[in-house]
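Hi there,

Here is the structure I promised to pass on to you. Please have a look at it first, and then read my notes below.

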Amino acid sequence: MTDISLTPNAARRVAWIAELLSKPAVLRLAVDGGGCAGFTYKFELADEETGDAVAETDGVKLVVDPVSLDLVRGSAVDFVEDLG
């Protein structure tokens with residue numbers, strides 16, 4: 001799927017967290033109303049549901065519901081660790 005992607009660095013982090021929690025390595029991204037810009041972004045380990053868009057990197061899945069996908073299409077989910 002090219003609508004959204006999961007970087008290898010983010011996939012490694014999700015896999016690590018999933019292993020710690022004994023859950024499947026499936027990251028759900030959802031967009032809800034609220035927050036300063038009108039939207040909040042929610043990330044959680046969850047199962048894939050019918051109708052979800054799915055991107056997979058190194059065995060880790062990123063799933064996004066159709067409504068949220070319209071708001072994040074073309075994005076890449078990444079994980080960065082720094083002090084800045």
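Lys-61 and Glu-48 join their side chains in a salt bridge, at 3.1 Å from N to O. By salt bridge I mean a side-chain nitrogen of Lys or Arg within 4 Å of a carboxyl oxygen of Asp or Glu. Lys-61 belongs to strand 5 (residues 60-64) and Glu-48 to the loop between strand 3 and strand 4, so this pair ties together parts 13 residues apart in sequence. Helices (H or I, at least four residues) and strands (E, at least two) are DSSP runs, numbered from the N terminus. Lys-61 is partly exposed at 27% relative accessibility, and Glu-48 is partly exposed too, at 40%. Here buried stands for under 20% relative accessible area, exposed for over 50%, and partly exposed for what lies in between (1.4 Å probe, protein chains only).

Before going further, please keep in mind that this is a predicted model: local features need pLDDT of at least 70, side-chain atom pairs count only at pLDDT 80 or more, and totals for chains, interfaces and linings use all residues. Residues are numbered from 1 along each chain as its sequence is written, and side-chain values use heavy atoms, with hydrogens and water left out.

How many salt bridges does the rule give? The count comes to four. In one of them, Arg-28 pairs with Asp-52, with the closest N and O atoms 2.4 Å apart. This pair links distant parts of the chain, 24 residues apart: Arg-28 is in strand 2 (residues 26-33), and Asp-52 is in the loop between strand 3 (39-45) and strand 4 (53-57). Arg-28 is buried, with a relative accessible area of 8%, and Asp-52 counts as buried at 13%.

Arg-73 and Asp-70 also meet in a salt bridge (2.8 Å, N to O). Arg-73 is partly exposed at 43% relative accessibility, while Asp-70 is exposed at 56%.

Trp-16 sits in helix 1 (residues 8-21) and is partly exposed, at 45% relative accessible area.

Best wishes
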